[in-house]
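Me: I have a structure open and would like some practice in reading it. Could you take me through a few features, starting with how parts of a chain sit against each other?

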Amino acid sequence: MSASEPTTEIIEADILVIGGGTGGPMAAIKAKEANPALRVVLMEKANVKRSGAISMGMDGLNNAVVPGYATPEQYVKEITIANDGVVHQKAVMAYATGSFPMIQYLDKLGVKFEKDGAGEYNMRKVHHLGTYVLPMPEGHNVKKVLYRQLRRLQVAVTNRYMATRLLKSRDGAISGAIGVNTRTSEFLVVRAKSVILACGAAGRLGLPASGYMFGTYENAANCGDGYAMAYHAGAELANLECYQINPLIKDYNGPSCAYVTGPFGGYTANNKGERFIECDYWSGQMMLEFWRELQSGAGPVFLKLDHLAEETISEIETILHTNERPSRGRFHEKRGNDYRRRPVEMHISEIGFCSGHSASGVWVDENARTTIPGLYAVGDMASVPHNYMLGAFVNGGIAGADAASYCEGVDLPDFDAGFLKAERERVLAPTRRDDGLTPHEMEFKTRRMVNDYLEPPKVTAKMEIGQRRFAEIREDLNQLCARDPHELHRALELQSILDCADMAAAASLYRTESRWGFYHLRVDHPETNDDEWFCHTMLFKDEAGRMAHRKREIAPYVVDVAADEMAAYHQLRVKTAQAAE
Amino acid sequence: MPIITESKSAAVVIDDAKCIAEKGCTVCVEVCPLDILAIDEGRKKAYMKYDECWYCMPCEADCPTGAVKVNIPYLLR
Ligand SMILES: Cc1cc2nc3c(=O)[nH]c(=O)nc-3n(C[C@H](O)[C@H](O)[C@H](O)COP(=O)(O)OP(=O)(O)OC[C@H]3O[C@@H](n4cnc5c(N)ncnc54)[C@H](O)[C@@H]3O)c2cc1C
Ligand code: SF4
Ligand code: SF4
């Protein structure tokens, strides 16, 4: 590969969106709708047609705020409670009020939601308190619908370019990003007035037990690049110690989605077939009860459906096996798993960052703005909690519209040519070696250490050892070797993963209390300490280039939550285990 | 340190008789979110080049001739 040096092309745009999965396309669409004259570039590591978490479609909306079923106020309250009060309510409210208009917009574009005979949305109750789930049994065309709209609005799509670093102007505003082609290693620099990050979760942090590098849950292209780019550009990241940990199907390592089956009568059960949590909706408290059940010897834990009627089971099968993760049905087939006869064993996933299901991410306000002028973040990598697919769409839309008006007030900013040169060298360094360590082994080792030292229950002494191991791996980066563009792209991903591992450890050590159930269960600080830690924790790169922290006050609530209501998610354990019907 | 390679069984299988890559088709290669499929330049057929699959299945869903089959690999079974 070192035979000919990869070229660098520089293009100009008004808005650059990075990540063409869910929130990214919607940001591009809403920016164009706000001002069709804007030049909007969508940079995607894979191919926008099938990229991101919703590659194959989606089973349903997990957080739809539909009039008649829930009000934005009720939703904001539920999400506040589910997150132990540490939320920026205005951002949750911005999502909640944008939720129904976005459903109607998607409906108009051709996304299919479940409706009853009268044509009304068929809402289901899954959350602890309110009704927010809207099934999408025919939800496989979401990407097609988005793609059609991108073409209609003439958004410029650049597939197979992985963004590696953000560009900033002399006065500290965002001014574009550097991308590397995953097949040729050629560079594409997009200068822009505004950048919207939509790079998804950090789904390659912990290591699955399967022996494969990639799990079957999160799209493995989402390896934490967005978090790493925001960090290196100087943006603040919020509450990263609030990990994502999910209940998955054991071995398959993909979604088990007990909460999808909940409205049909399915539930999570222990080895006696008994229900032990009142609500299958994912939260740190729910995961804590799940973990305790495994620890207590009452595990394994199962997804139980065998008590249901045949027609109900076939309906569940159609939803779970044809849409979002069709390989799930194939897994069951090989195992001889039949929902009718036997419950399916579940397990606890490895750790990651993801606000889609949990709460951490690049800090954004109610306009999806980060702490850097002109830089936005949306979807799983932005700090709005429990945002799921609809949240990625709504906040993508908010960011697109806000960025469109931001662009009107600014000229194309300058960028630092010296920085670009240095970044080229960093990117290409692994191609300058003929021998050394492969991206695979360096990634494997990093993620094995993540499992060994960062998983909850979090132990201070272990996390400190983890930090030492990550530092050693960082020193080994000067041996990292990539023999072709594909390996180079994995080598760059590894470096994002290592950044995220460092951030996970540092953030977890900073918050010296326990909060969010299992997500931040600190053995050395087992109590929740509202006096000191009822705040957001912000992680950022300081002037000297070190990882630093500060507390951010929680802005006054826009929806009041009474003290007794706040504890609702702490009472998820079934009082006396009830026998299976 | 010199680099060695190891062999593994491919979970994504392409039926050569059905694959029309020789006519210019690259659909499965284009849609794969992890870029792990490729066209074998000698045989002019698609194949799984890297063992880095997410088991998401657009390759199978979008192949115009139904040549792709995504199997659950041994270690996940
Ligand atoms: C298996 C699964 C099941 C789910 N089920 C549901 C459900 O039933 N209901 C629901 O509401 N939500 C569900 N979710 C959550 C929902 O899908 C996500 O919250 C949402 O799609 C996230 O959108 P996003 O835009 O943040 O990320 P994504 O849609 O994942 O998009 C991120 C994009 O960024 C690209 N990218 C990453 N790094 C770079 C880079 N460096 N340069 C360029 N591009 C990059 C990726 O290739 C990807 O296309 C599920 C998620 C998963 C994984
Ligand atoms: S999509 Fe099907 S026909 Fe086309 S290259 Fe792939 S396997 Fe061959
Ligand atoms: S299943 Fe998904 S990741 Fe695997 S080869 Fe097909 S498209 Fe690529």
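Reply: Happy to. Keep in mind that this is a predicted model. The contact between them draws on 53 residues of domain 1 and 47 residues of domain 3.

Me: Where do these domains run along chain A?

Reply: The assignment puts domain 1 at 8–60 + 72–106 + 146–244 + 352–416, domain 2 at 247–348 and domain 3 at 419–541.

Me: How much area is buried between domain 1 and domain 3 of chain A?

Reply: For such an interface, look at the area and then at the atoms that supply it. Here about 4,600 Å² is buried between the two domains of chain A, and carbon and sulfur atoms give 63% of that.

Me: How many salt bridges and polar contacts cross that interface?

Reply: The rule finds four salt bridges between domain 1 and domain 3 of chain A. Polar contacts link 26 residue pairs across the two domains, counting pairs with both residues at pLDDT 80 or more. On the side of domain 1 that touches domain 3, the elements of chain A giving two or more residues include β1 (8–12), β7 (161–168), β8 (174–181) and α5 (225–233). That side of domain 1 is made up of 30 nonpolar, 14 polar and nine charged residues.

Me: Which residues does A:Met93 contact, leaving aside neighbours within four places in sequence?

Reply: They are A:Pro72, A:Glu73, A:Val76, A:Val558 and A:Val559. Take A:Pro72: it is 21 residues from A:Met93 in sequence, yet their C-alpha atoms are 6.5 Å apart.

Me: And how should I read chain B?

Reply: Begin with its elements: chain B has two helices and four strands, in the order β-α-β-β-α-β from the N terminus. Its C-alpha atoms fill a box of roughly 40 × 30 × 20 Å along the principal axes. Chain B has 77 residues, of which 47% count as buried. Among its contacts between residues at least 6 apart in sequence, 51% join residues at least 24 apart.

Notes
Residues numbered from 1 in each chain as written. Chains lettered and ligands numbered in written order. Predicted model: local features only at pLDDT ≥ 70, side-chain atom pairs only at ≥ 80, totals over all residues. Heavy atoms only, no water. Contact = heavy atoms within 4.5 Å. Domains from an automatic or database assignment. Buried area = accessible area lost by both parts, 1.4 Å probe. Salt bridge = Lys/Arg side-chain N within 4 Å of Asp/Glu carboxyl O. Polar contact = N/O pair within 3.5 Å; in protein donor to acceptor, adjacent residues only side chain to side chain. Nonpolar A, V, L, I, M, F, W, Y, C, P; charged D, E, K, R; others polar. Buried < 20%, exposed > 50% of the residue type's maximum accessible area, 1.4 Å probe, protein only.
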